[in-house]
Structures are given as C-alpha cells and as structure tokens.
Amino acid sequence: MKDTLIARLTVEAFLAEYMHAIDADRLEEWCDFFTEDGTYRVTTRENADLGLPLNLMSCKGRGMFKDRITALRTANIFEPHVYCHIPGALRVTGMNGDVIESESTFTIIRTTNHGDMCVFVCGRTRDRIVLRDSRPKFIDRTVILDSRQIDTLLVIPI
Amino acid sequence: MKDTLIARLTVEAFLAEYMHAIDADRLEEWCDFFTEDGTYRVTTRENADLGLPLNLMSCKGRGMFKDRITALRTANIFEPHVYCHIPGALRVTGMNGDVIESESTFTIIRTTNHGDMCVFVCGRTRDRIVLRDSRPKFIDRTVILDSRQIDTLLVIPI
Amino acid sequence: MKDTLIARLTVEAFLAEYMHAIDADRLEEWCDFFTEDGTYRVTTRENADLGLPLNLMSCKGRGMFKDRITALRTANIFEPHVYCHIPGALRVTGMNGDVIESESTFTIIRTTNHGDMCVFVCGRTRDRIVLRDSRPKFIDRTVILDSRQIDTLLVIPI
C-alpha cells in the first residue's frame, strides 16, 4: 500500500483519539496529544486569508495547555455543554521523515444541559504531527473556523 | 500494517454498510446486521453517565428487531422523514479473538417530506462486532445521545 | 488487505482532495477532477426515487464545467459564502477493471460572510471513478440531495 495512504490512516486514527478525549471530557489528557513545546491556536478563515495574527485561542508549551484546562475546571463560568466532533475530509499535505503535515475539515455539534443542539463551529485544521516515540503527537495544530463569530464563548478546546 | 488499523478499516466499512441500509430505507435488512441474539439500545449521555437503566429504544434478539420494523411499516403514525447518517471519529477500544470493540461519534441530519432539515441527534456508539462467518455482525450496539431530548419521536433506528 | 478496502481508501482520499479544492475556493481545479467527457449532476431524492429526469445542476464535458465556474466568477450575483464538506459513510458498490463505483453520504455546512452557519444540504453521491493515468478522476458523479428544496441558490458545486 502507498505510504501516503498509511500516513493518512495513522493521522485519521490519531485525530479520532484526540476528538474522543475532548468529547468524553477527558480534558486533562489534552496536553498529552502535543509535544512538550507544541503549539495550538484557533483563528478564523477571514484572519487566516488576510494574514492577520489575532487568535481566538493560543497555547505554546505544556504549561499553557494545563493552565487553560485548570481555568476551565476551576475559574471559568459557562453554561455546561458537550461537544460532538465530526471529522471531515482528511488530506496528507506533506511527509518529511517522521513528521506528517495534514489538513482536514471538521464540524462540532454542541449540546447544552437543556438538550439544545447546534452546529457550533466548522472549518479546517492544519496539523503537523510527529510519529517519534510511542504515539503520535501534534507539533502544532491550527484550527481555522469558517465563521467569524462564535456563539457565546470558546472554552472547551477544538 | 498494524492489526488495529486493519480492524479500524473493517469496522468503518461495516458501519458504512449499516448506515446506508438505514438511510436508503432498506430497514428490513436491519436485523441482519446483528447476531441471532444481538442487542441494540439507545440511551442518553445523562443516563449513561449516571448509570441509569432506562433506554429510549431497546431490542434483544432477531424477533424484536423484526417487530420494531413491522410496527414502523404498518402501525406507527409519523411524519415521513429520512436520515442521513454522518459517521464521525472511530476508535478501536478492544480486540479479542474475532470480536472487535469500538467507539465512534456520529450525527444524523433528518429531512422531512417538506424539505426541512435539522441535526436530529448526535453522540456516540459503543459497538461489539464479531467477524465470524461471512460478514461482520453486531453482538451489541449501544447508542448514547448527547442530548436528553428527541425532537418528536424516534422511530427509524440509529 | 482486501482489494475492496484498498479501493475504499483510494476513493476516500480522492473525495477528500475534491472537497478540499471546493472548500478552499480552488474552483478552477474542479474540472480536473473529471475525465475529459465526464458528467456531473445534482438532483433530489424525490426525483431520483420517481425516476424523474430534472436536475438542479448538470454538466457534461470539460467545457461546461469551465463555463459554470466562469459564470460563478464573473456573472452570477450571490451573497458570498463558503462550504465545509463533511464526507459521511462510504461504500464501494462495484469494481470493474480500473473503474470503481461507490456511494457515499455527505453534508455541507454553509457559512456566509456575516458568520451565519447552517446545514445547507445533505444526501448521497453515486460516483464512478477511473484510476487510469496518474490520478483518479470522476467518469460521472451524481449528487442526490435528501431535501427537495435549496435555501437560496446552488452556485458552488457540491
């Protein structure tokens, strides 16, 4: 089988594990999906297209990931809700040694405690994933939302 | 290729066949996706988290599956509608001989005869699938809906 | 690994490339996903079930594909919007030499410039894909929408 198909399957399985961890509220595991100095940011398509630097969320390095989850667990006030991640079209855009670059579409259905469901966000991610060591990890993950607006706040990571 | 990747692909292809059968209204084939004494149930995340036993739908054994579809075809009164199943993140959570355990997110877009579309349900399934014989079959399938409420009734299986 | 699993992966990767090209507004590449005399049409489930011939969109041959995109770029007046394609359940329904027949569910989330998101369409595609030459191409692609109505117009291809 072609190397790109194998790489595609590996990324797909890794993204599925990531999404399940978040959707099942195992948020303390979030930082473990990144390398020690990994980066994560959420921006909008408008900002990305114009090359604007502002992010809706940005973390660099394990400490910031842990801070974010600690804040979510102990400080942030928000209406309880859960995500259902639906991964979309995945393409491998580059392979270099043990690093895979990929791009994928996604959508998230958000459900509140009352039972209201909505398409919360959709868009695309650009990921660089390293296969070194025992399991894959994000070197960086950029989430690019199609919409310029977020309904209420973005507290759970995407 | 790793065994878990092969198992993942096998489950993915099986779930796709299952979803197409339902979405194409080939509901009489539904029971054939289960073993002779297979079980199927639909519950909510709230119930699952609290360990509560109540199900929105529950079938055990071929007879109950057939009853359910006969009722749908001949007795139930409901507004005509179709499902579009969108499978989400799939992970293999266990392999034991010819039995695969998996967990996957999903959403269903429901469309009525008038043309109205909505996100009908989303959530996760926990499946045990046996590969014995000519094609895979569910030993049990548990559907866990993110929302505690269903818009009108749940008549077509998920 | 079984041939059908390999075929399924090949189709899945091809569809992902197609969806990314459209979602990223690389519409000039659209025609390159089809053979020289390839066909593309969009119809509704109601029409397909009744065997009615009317299509919402129909193209045959490269020239018509290019015309369509030229019209979109230069003549059509519509509110700016983007698609986020979410591929669904994919099944290989036939293999004959270097031609694969497949069927897949999908949904598209549409986002306008103002940031409004909605489930724009969902349904199923029936595709015939040829693997000859350097990359796969559609011989024909039929999109069957679950709903009988489209919100405003259908301008970007599905």
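What follows is a short chat about an interface and a sheet in this predicted model.

Visitor: How much area do chain A and chain C bury between them?
Guide: Start with who touches whom: 27 residues of chain A are in contact with 28 residues of chain C. Of the area buried there, 64% is on carbon and sulfur atoms. The total comes to about 2000 Å².

Visitor: Which residue of chain C forms a salt bridge with A:Arg8?
Guide: Two salt bridges turn up across the interface of chain A and chain C. The cut-off is 4 Å between a side-chain nitrogen of Lys or Arg and a carboxyl oxygen of Asp or Glu. For A:Arg8, the closest N and O atoms of the pair sit 3.2 Å apart, and the partner is C:Glu12.

Visitor: How many nonpolar residues are on the side of chain A that touches chain C?
Guide: Helix 1, strand 3, strand 4 and strand 5 of chain A each supply at least two residues to that side. Sorted by kind, the side has eight charged residues, seven polar ones, and for nonpolar the count is twelve.

Visitor: Over in chain B, which strands are the edge strands of the sheet?
Guide: The sheet is open and mixed, with six strands in the order 2-1-6-5-4-3. An edge strand pairs on one side only, and that picks out strand 2 and strand 3 of chain B.

Visitor: What is the bridge partner of B:Val42 in strand 6 of chain B?
Guide: Strand 1 and strand 6 of chain B run parallel, joined by seven bridges. For B:Val42, the partner in strand 6 is B:Val143.

Note on methods:
Residues numbered from 1 in each chain as written. Chains lettered and ligands numbered in written order. Predicted model: local features only at pLDDT ≥ 70, side-chain atom pairs only at ≥ 80, totals over all residues. Heavy atoms only, no water. Contact = heavy atoms within 4.5 Å. Buried area = accessible area lost by both parts, 1.4 Å probe. Helix = DSSP H or I, 4+ residues; strand = E, 2+ residues; numbered from the N terminus. Nonpolar A, V, L, I, M, F, W, Y, C, P; charged D, E, K, R; others polar. Pairing = 2+ DSSP bridges.
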